[in-house]
Amino acid sequence: MSNDKISARQICALTVLEIIGVDFVIIPQLAIGLAWRDGLTVIIIATLAAAAYSAFLINMAEKYQGADFFDCCRNAFGNFPSRLIVWGFIAKTVLFAGFCLRVFAESLTDIMEGDIPLFAVMAAMALCGLYAAYKGREVRGRLAEIFLLPLLAVIAFVLICGVSEGRADELLPVLEESGFNLSKAVIVVLFWFYPLEYILVSMPYIKDRTSLRKKTVSAVLISGVLCALVFTLTLIRFGAPQMRSLTFSVLEMMYSVSLPASFIERQEGLMMGIWTVGVFFTLSAALYNSGICAEESFGINSKAALVICTVVAVFAGLLPENGDRAYYYLVSTVTVMECIYLFVIPIVLFAASILEGRKNEGRNMD
Amino acid sequence: MLDKAIDKNIEIVNSAFEDWGDIVKRKLYIGENKDRAVFICYIDDMANRTLIEGSVLKGLMVGIRLTDTSDYSISSLLDGGITTADIKYSDNIYEAIDEVMAGNSMLLIDGYDKAVVISTKGFPKRGVDKPENEIAVQGPKEAFAESIRINTVLIRRRIRDTNLKCKQMKIGRRSKTDIAVMYLKGTVREDILAEVIKRLENVDIDAVLDSGYIEQYIEDSKTSPFPLVQLTERPDKAAAEILEGRVAVVVDNSPFVMLVPVVLASFYQASEDYYQRWEIMSFVRIIRYLAGFFAFALPGLYIAVTLYQPSMIAGELAFKLAGARATVPIPTIAEVIFMELAFEALREAGIRLPSSVGSTLGIVGGIIIGQAAVEAGLVSPMVVIIVALTGICSFAVPNIALVSAYRLVKYIVIALSAVLGLFGWFLGVILVITHLCSLKSFGIPYIYPFAAAKGVKELRDSIIRAPLNKMKQTIFNKGRR
């Protein structure tokens, strides 16, 4: 596993792809489920909040001189608590990867006409993610640079083609939900910007961090805008009740958009490509980050760490009895664990760094 | 070390060249009193006999025949006796013997503990011919030959700059092959140059019979099918790449010059891209990239769509495909693999046969056997079209080494598509791209400038070939860092 340095631009591309990897399917679904038509407002507010929060996270990391997330924890909380944090991180990341794999495999086997076993799809996808994770951070950065524009272009093309087939009045009325509901929905959606914590893990390996804050904020905004657009198109195409009743309304919307002047009758294949690339990035990021943490924490060989994480992820993905349960577990894992890892720990770290600064000032005064 | 007594040195030379039927050795005495012994040695027909007789022997035997050489200094002796400028002195007899084996002549002088090596290379060699593999409609028609000196001259003729440096070394314990490392000082990145020289110095091999031997020793990855060193037979291409900041490695006895570092985009560039208008050549480049993609992805895509996602294709096309396959008794996967392998065999046979027979074989194999197989109902016409299209696409890529890699990778994509359908095809493509992203050539990412570039400006010589005045800096230049 190569831990070569990557540029801020590559981190930005990686973050976009890791966020939209599964989020462009899940965030609109969560938003409609929690806030009906106000889902659009929720996504916009969550995106702005995530952008601001990402700037805060980079600031916090800079206070620790660009040390990685777990070194910051070690500095602030000591050795044992930081180990617990790392183990928790590995567990939640591997579980997330497993449920993500299962959800992906379920949705894929639904649209594929051939009789391909679920396990085969999961194993193949996991091995593909493992290969990219094994190649390391630098390679994943380059991959992200290559895939980002074509992927965004295809999604934009589908959105443009689909916009004429929807009814704009489906967007109204807005702001019907209570403030409490909206806030709850915003927080839940905010958890799905979890790849921001991967930036914290990668901090020491980022070249030229001067533009990192700007680039991270842009990555969050690009991803958020994309999710908002996808939500809008799905809503105007299906209407709120139907959108809410579907498990993967965004995928359904994308399958049903008719592409002009195409010899392709149904574009499941094209959508399958987008979905595969998205999940590939999500998965390789999860496997890579859990792998390097396992390597450092348990002192095992990097290849072994990656293989173990991948095998555990595949088995974790096979545990839920069906796709709906896997989706439920996926959302629950992110909601519960990101509350701790994306918010509580960074905020405590930030507070600790301020206290440490004051202590130092006090000592200097003495 | 050499001894002052000439007989001891001659003994060493005789022992080294024992049983050499093609060696010419002569001991003669020069000067007015014939009191100074000299010994000349060269290999028949590897050295230029006319030059030896006219510029060395004549001078020694006739030019200074009336001179008393007993108290004559060696330098005066050489000045008077040898009328060629290209001489050097060696104080190691074995080094001098190596020079003889390279086609030079060795002159030993009694009382002098140095051997005089006279450059007299004159072995038979092929002259400058037309390129056979990198044919261009517009541009020079010269190709490299097997002689290192012809090749370095062909490059020097194009870059008349004192900064064009040529570092020479010998590689191969037995072949002692001459290698020339050519680069443009001030433009080349010093770190890359140092790495090239370091890797060349570390090559531990008995013999270098072609540049391909060195290529396999100095490339970054030994397990990737993708070429990490570029070979060219065109001096204009080598010169252009040197001007861009790359390093050319010229190997004696090879008509291919190696260019390093290399990126994937280099393999899609042809010399004439820069000799014609940028708009046209940009269009051609786009075609090449598409062709390169289909060269490894098309058969897999066909299998995935026909086997797993037939409803994806428009109704009429799907019916036509199904109709064409209706009478074929073998599965699609076997059909595609069988046709692909037959095509590979035809291609291989076409290369090995003489050109006149090769083209006939192409016609017989491609048209007659293909037609017969379709009429016999063994394969569907669509598979013949797909395989032919894949072959044509591979020929559109202007580098044979890259095409060979695509030929290999194609079977991985076919296998994944056959097992996992369209999903497998996507995985195959992702894996290929991931592999390409993981490669580096002398520290330069293989996928540059599509990734790892510092800005859009560095994409100006990739899929699009920008106007010449807009292309100045690349990752190979010193200015990049």
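Which segment of chain B holds P449(B)? P449(B) sits in the segment after strand 12 (444-445) of chain B.

A word on conventions: this is a predicted model, in which local features need pLDDT of at least 70 and side-chain atom pairs count only at pLDDT 80 or more, while totals for chains, interfaces and linings use all residues. Residues are numbered from 1 along each chain as its sequence is written, chains are lettered from A in the order in which they are written, and side-chain values use heavy atoms, with hydrogens and water left out.

1. Cis peptide bonds. The bond from Y448(B) to P449(B) is cis, with omega near 5°. Another cis bond runs from V260(B) to P261(B), with omega near -10°. P261(B) belongs to the loop between strand 10 (257-260) and helix 9 (278-308) of chain B. Helices (H or I, at least four residues) and strands (E, at least two) are DSSP runs, numbered from the N terminus.

2. Positive phi. W36(A) is not a glycine, yet has a positive phi of about 45°; its place is the loop between helix 1 (8-35) and helix 2 (39-63) of chain A. D45(B), also not a glycine, has a positive phi of about 70° and lies in the loop between strand 2 (36-43) and helix 2 (49-63) of chain B. W36(A) is partly exposed at 32% relative accessibility, whereas D45(B) is exposed at 57%. Here buried means under 20% relative accessible area, exposed over 50%, and partly exposed in between (1.4 Å probe, protein chains only).

3. Chain A against chain B. Contact (heavy atoms within 4.5 Å) involves 36 residues of chain A and 33 residues of chain B. The buried area is about 2700 Å², with carbon and sulfur atoms giving 70%. Buried area is the accessible area (1.4 Å probe) that two parts lose on being put together, summed over both. The count of salt bridges between the chains is 1: E138(A) and K440(B) meet at 3.2 Å, N to O. The criterion is a side-chain nitrogen of Lys or Arg within 4 Å of a carboxyl oxygen of Asp or Glu.

4. Domains of chain B. The assignment, automatic or from a database, gives domain 1 (6-118), domain 2 (148-262) and domain 3 (285-444). The contact takes 18 residues from domain 2 of chain B and 16 residues from domain 3 of chain B. Between these two domains about 1300 Å² is buried, 75% of it from carbon and sulfur atoms, and the salt-bridge count is 0.
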